[in-house]
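Read it with the sequence and the 3D view side by side.

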Amino acid sequence: MIQYKTSEEVQLIKESADILGQAHGEVAKYVKEGVKTSFLDKIAEEFIRDHKAVPSFKGYNGFPSSLCISVNEVVVHGFPSDYELKDGDIISVDCGVFHQGFHSDSAYTYPIGEVSPSVIALLKATRDSLYLGIEQAVVGNRIGDIGHTIQKFVEAKGYTVVRELVGHGLGRKLHEAPEVPNYGKKGSGPLLKAGMVIAIEPMINLGTRNIVQERDGWTIRTADRKPSAHYEHTVAILENKTEVLTTHKYIEENFKF
Ligand code: MG
Ligand code: MG
């Protein structure tokens, strides 16, 4: 069942999302060659706890960390580890914050050093597809309009859309109804109404759309080991506008590509 939020609840999610946006900005300062991904996780967790909030992912179904860090062919749900970022990698940093009873969720994929132009193009297209999807998240549209727009845009560039993992409603729970696929038919799926808060999160692959799960029970990678990109925002659908509650502003102040 979809949980529609009051404006007071949307405001609380916005406050959670503000902490999240700043936590991402802190992490962005350290995203570079030679840095261990576990260090980024520590930065995020400290920042979140210093702001009287809780990392949403840590302990979620047993997930061990505050960030999901997914390098290169890893699509999502990678563990922070002793792995040191190296020139040419891409890294998706996904984070959630729980504050005053509400979750927020957002992700960003960074290039490290010199990344091949074809992979930079994948990152840019995935980020652009997120904003195109957000434009469709308006009262009176349907969930399928979001996915249709994302899918059409990225497939026209030769990329593929992961099917098994989707965006989601969120609020008091990290994952609520409805599912928000990054593919679909125009005019299909649940009607978008004021008060819905959803995470839109295209996961777009350079090669095959097929994925496999590693034996750790979490890490999802592309079947062909080609790179995958992931960008995510939490958005509130309101009567007269759609508000992007999370922000990549602090990332983009600290990290340009
Ligand atoms: Mg999410
Ligand atoms: Mg996320």
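**Cysteines**

The sulfur of C68 has its closest cysteine sulfur in C95, at 8.9 Å, and that is too far for a bond. This is a predicted model. A disulfide needs the two sulfur atoms within 2.5 Å. A search of the whole structure finds zero disulfides.

Are these two cysteines buried or exposed? C68 is buried, with a relative accessible area of 5%. C95 is buried too, at 1%.

**Two helix pairs**

Start with α1 and α2. Helix α1 covers residues 7–28, and α2 covers 37–50. The two pack at an angle of about 145°. Their axes lie 9 Å apart. The crossing of α1 past α2 is right-handed.

Which residues make the contact between α1 and α2? From α1 come I19, Q22, A23, E26 and V27. From α2 come L40, I43, A44, F47 and I48. By class, this contact has eight nonpolar residues, one polar and one charged.

Now take α3 and α4. Helix α3 spans residues 117–135, and helix α4 spans residues 143–156. They pack at an angle of about 150°, and their axes are 8 Å apart. The cut-off for roughly antiparallel is an angle over 145 degrees. The helices α3 and α4 are therefore roughly antiparallel to each other. The crossing of α3 past α4 is right-handed.

On the α3 side, the contact uses A125, D128, S129, L132 and G133. On the α4 side, it uses I146, T149, I150, F153 and V154. The contact of α3 with α4 divides into six nonpolar, three polar and one charged residues.

The table sets out the packing values.

| Helix pair | Angle | Axis separation |
|---|---|---|
| α1 and α2 | about 145° | 9 Å |
| α3 and α4 | about 150° | 8 Å |

**Around S16 and V97**

S16 sits in helix α1. S16 is buried, with a relative accessible area of 0%. What does S16 touch, leaving aside its neighbours within four places in sequence? The contacts are V97, F98, H99, F102, H103 and S104.

V97 belongs to strand β4, residues 90–99. At 0% relative accessibility, V97 counts as buried.

How far is V97 from K32? The two are 65 residues apart along the chain, and their C-alpha atoms are separated by 23 Å.

**Y131 on helix α3**

Y131 lies in helix α3. At 33% relative accessibility, Y131 counts as partly exposed. Leaving aside its neighbours within four places in sequence, Y131 is in contact with H233 and H248. Y131 and F47 are 84 residues apart in sequence. In space, C-alpha to C-alpha, Y131 and F47 are 27 Å apart.

**Backbone points to check**

Where is the cis peptide bond? It joins A177 and P178, with omega at about -5°. P178 lies in strand β8, residues 176–180.

K52 has a positive phi of about 55°, although K52 is not a glycine. K52 lies in the loop between α2 and β1, where β1 is 54–55. At 74% relative accessibility, K52 counts as exposed.

N61 also has a positive phi, about 50°, and is not a glycine. The place of N61 is the loop between β1 and β2, with β2 at 67–71. N61 counts as exposed, at 63% relative accessibility.

Terms used:
Residues numbered from 1 in each chain as written. Chains lettered and ligands numbered in written order. Predicted model: local features only at pLDDT ≥ 70, side-chain atom pairs only at ≥ 80, totals over all residues. Heavy atoms only, no water. Buried < 20%, exposed > 50% of the residue type's maximum accessible area, 1.4 Å probe, protein only. Axes fitted to C-alpha atoms, helices over the stretch in contact; angles between N-to-C directions. Helix = DSSP H or I, 4+ residues; strand = E, 2+ residues; numbered from the N terminus. Parallel < 35°, antiparallel > 145°, perpendicular 65-115°, else oblique. Left-handed = near helix turned anticlockwise from the far one by under 90°. Contact = heavy atoms within 4.5 Å. Nonpolar A, V, L, I, M, F, W, Y, C, P; charged D, E, K, R; others polar.
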